[in-house]
Amino acid sequence: MENTNRTTTTTLQLVLAWGFVGIPLVWGVFQTLLNTLQLFQ
Amino acid sequence: METGSGGGGWFSRERTVAKPGFSRWMVPPAALCVHLCIGQAYAFSVFNLPMTKLIGISESAPDDWKLTELGWIFSLAIFFLGVSSALFGRWVEEGGPRRAMFTAACCWAGGFLISAFGVSIHNLWLIYLGYGVLGGIALGIGYISPVSTLMKWFPDRPGMATGMAIMGFGGGAFIASPLSVWLMNRFNTETHIGVMETFVVLGIVYFVFMMVGSIIVRVPAADWKPEGYVAPRENKLISKNDVYVYDALKTPQFWLIWVVLCVNTTAGIGVLGQASAMSQEMFPGQITPIAAAGLVGLMSLFNMGGRFAWATTSDYLGRRNTYFVFMTLGFILYCLVPYTGAIGSVAGFVLCFCIIISMYGGGFATVPAYLRDMFGTRYVGAIHGLLLTAWSAAGIFGPVLVNYIRQYNVTHDVPKAQAYGTTMYIMAGLFVLGFICNFLVKAVDARFHMKNETPALGAADAAAKA
């Protein structure tokens, strides 16, 4: 059975997974922050 | 109904059971892969104006679609979000997250591709069918697909876990909005508006992104617990028993939480959609249209941040107490908004609305853990799906309350700057109702608890309803 073997999640896998979702999200938040600055001008 | 618990190959729940040594921190990115994509729905309005000029190009031609016709696309999608999450909740829960995420990816991408075809032959009904119906089904299935999985991986911090995913739904628009505008600019020519090509690219990109989530998602083994995890001490408001999805509907707790969520969402949606116009009318000369757009962006950030912050806080405060904070603070802030307008305090107005919107997002993100506390983990995703009908109802109440009362006041010679006062006090009153309902939430009666994996109130009865 697949789930009877042991596996180890590497740090690289975690970095890749979080980077995959984190980079677009941070980019989007940055773009929104730029627009938000208009409120304070 | 075929549950998917047996067979089904790569998509089956069995094939997604994590091997020992798998890090649970791989699961939130998997959930975010789906929620960041379907969160695009909040940014669909960027297509509205370009789609009114597909024939006329520089300005609308007589045969071009009207904004009122295009508005139905988003409304249909949100309607089918509620319908599909309620209808398919049990299937999602029993079939496992991978199958659900894959289905959501196919529907979401398919919705964009059908809509692209609709744009290319200028047939609005195809867009209603594509983005509205198919996309709406993807929204419902995708929204609930990772919820119970995350709570099983993070029994020590269920609020934080679901808060991360649902934060992604709020954040999806931040990516989709500038990306869509950039893509349309790339595909626009002097004789063509690039909506069709943008839909095709988005459909393909979202499919790939959601499939990555589907590939990396795992469910924990039945006996798995986080290292060093100690179950919380006896707490009447955190059930150790599961309630069958359709039995949950028979409990007063479900409907009380439904009202609480509906109140919180009504208050948030009402101002979210009208914040730009409201701020300019309450502060004429002080808040310009450009500044108002900045305010909307700021509120969106608080909407997203609130999802994570409040849901995480609920792990320490308790779910019921967190909603007490929402209801009490919401009441105070809505009473304060007309006062900020009267004294001309833009800063006070912005602060009030940002906190209100953070609690709107926080309400969405905290409610899965609230349901888990009440009804256990087994069917929480499906129960959550049924509860999202409160969102659909709030989608009608919120804008109606704000728009129609404002219109009534304006036609009865109330100055525009003061036209929102009545609405704000009505919203504050709704929070009192929400507070009372939240106060009435007690532990679920033991007769509703599942016994040996079968519904407590009769499997035949439940199966007939399924």
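This is a predicted model: local features need pLDDT of at least 70, side-chain atom pairs count only at pLDDT 80 or more; totals for chains, interfaces and linings use all residues.
How many residues of domain 1 of chain B are in contact with residues of domain 2 of chain B?

**Figure 1. The contact between the two domains of chain B.** In this view, 29 residues of domain 1 of chain B are in contact with 30 residues of domain 2 of chain B. On the side of domain 1 that touches domain 2, two or more residues come from each of helix H3 (67-95), helix H5 (124-144), helix H6 (147-153) and H7 of chain B. By class, this side of domain 1 holds 15 nonpolar, 10 polar and four charged residues.

**Figure 2. The division of chain B into domain 1 and domain 2.** Domain 1 of chain B covers residues 9-216, and domain 2 of chain B covers residues 245-454. Taken over C-alpha atoms, the centres of domain 1 and domain 2 of chain B are separated by 24 Å.

**Figure 3. The helices of chain B.** Chain B contains 18 helices and zero strands. Its radius of gyration is 23 Å, close to the 23 Å that the globule rule gives for 466 residues, so chain B is as compact as a globular protein of that length. The C-alpha trace of chain B spans about 65 × 50 × 40 Å along its principal axes.

**Figure 4. Burial and sequence separation of contacts in chain B.** Of the 466 residues of chain B, 52% count as buried. When contacts in chain B between residues at least 6 apart in sequence are considered, 82% join residues at least 24 apart.

**Figure 5. The contact between chain B and chain A.** Chain B contributes 30 residues to this contact, and chain A contributes 25 residues. On the side of chain B that touches chain A, at least two residues are supplied by each of helix H1 (27-38), helix H7 (158-187), helix H8 (195-216) and helix H12 (289-317) of chain B. H12(B) gives the most to this side, with nine residues. The residues on the side of chain B that touches chain A comprise 22 nonpolar, six polar and two charged.

Methods: Residues are numbered from 1 along each chain as its sequence is written. Chains are lettered from A and ligands numbered from 1 in the order in which they are written. Helices (H or I, at least four residues) and strands (E, at least two) are DSSP runs, numbered from the N terminus. The radius of gyration is taken over C-alpha atoms; the globule rule is 2.2 Å times the number of residues to the power 0.38. A residue is buried if 20 or more other C-beta atoms lie within 10 Å of its own, exposed if 12 or fewer, and partly exposed in between; C-beta atoms are placed from the backbone. Two residues are in contact if their C-beta atoms, placed from the backbone, lie within 7 Å. Ala, Val, Leu, Ile, Met, Phe, Trp, Tyr, Cys and Pro count as nonpolar, Asp, Glu, Lys and Arg as charged, and the others, Gly among them, as polar. Domain bounds come from an automatic or database domain assignment.
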